[in-house]
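Please examine the sequence and the structure shown below.

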Amino acid sequence: HVQLVESGGGLVQAGASLRLSCAASGRSLVTYTMGWFRQAPGKEREFLAALRWNNIDTYYANSVKGRFTISRDNAKNTVYLQMNSLKPEDTAVYYCAAAHLRRAWSNAGSADGYDYWGQGTQVTVSS
């Protein structure tokens, strides 16, 4: 199994930047596609970004494209989400997730396409 722990959330003003981290243990992330999702109160979990296990292919939701960047450091077994130009509507709990490489890349935008989840980290953006 893979254990995922997110960190880096907090309270920031609109326009600020944050970098979320997702540290993995249990197995190397080299053979896992990684994704970031978020969930705001009263809303469904929303896909944000995915980075394929090959560390080449990426996929972003339109709502964050150009503002958020997903990356990984395999040596540290950690995945990151750099978030720039934050808006109040970005306020949510942010989750990272891991999908074994046997999973179809075409499902990377769906929560059903992932095997493991972290517990989430709160991001609050004030106006």
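**From a hairpin to the core**

Strand 7 and strand 8 form a hairpin with four residues between the strands, and in this hairpin Asn-77 adopts a positive phi near 55°. The model described here is a predicted one. Strand 8 covers residues 78–83; it runs antiparallel to strand 7 and is joined to that strand by six bridges. Strands of a sheet pair through backbone hydrogen bonds, in either a parallel or an antiparallel manner. Along this pairing, Ile-70 has Leu-81 of strand 8 as its bridge partner, while Ser-71 stands opposite Tyr-80 in strand 8.

Four strands make up an open sheet in the order 1-3-8-7, with antiparallel pairing. Strand 1 (3–7) and strand 7 (68–73) are the edge strands, each pairing on one side only. From one strand to the next, the twist averages 20°.

Strand 7 also has two faces. Phe-68, Ile-70 and Arg-72 lie on the covered face, whereas Thr-69, Ser-71 and Asp-73 lie on the uncovered one.

The nonpolar residues may be considered next. In soluble globular proteins, nonpolar side chains tend to be buried together. The largest nonpolar core here has 38 residues, among which Leu-4, Trp-36, Leu-81, Met-83 and Tyr-94 touch the most other members. Elements giving two or more residues to this core include strand 7, strand 8, strand 3 (18–25) and strand 4 (32–39). Which strand provides the largest share of this core? Strand 9 does, with six residues.

Notes. Residues numbered from 1 in each chain as written. Predicted model: local features only at pLDDT ≥ 70, side-chain atom pairs only at ≥ 80, totals over all residues. Heavy atoms only, no water. Pairing = 2+ DSSP bridges. Axes fitted to C-alpha atoms, helices over the stretch in contact; angles between N-to-C directions. Core = buried A, V, L, I, M, F, W, Y, C linked by side-chain atoms within 4.5 Å. Buried < 20%, exposed > 50% of the residue type's maximum accessible area, 1.4 Å probe, protein only.
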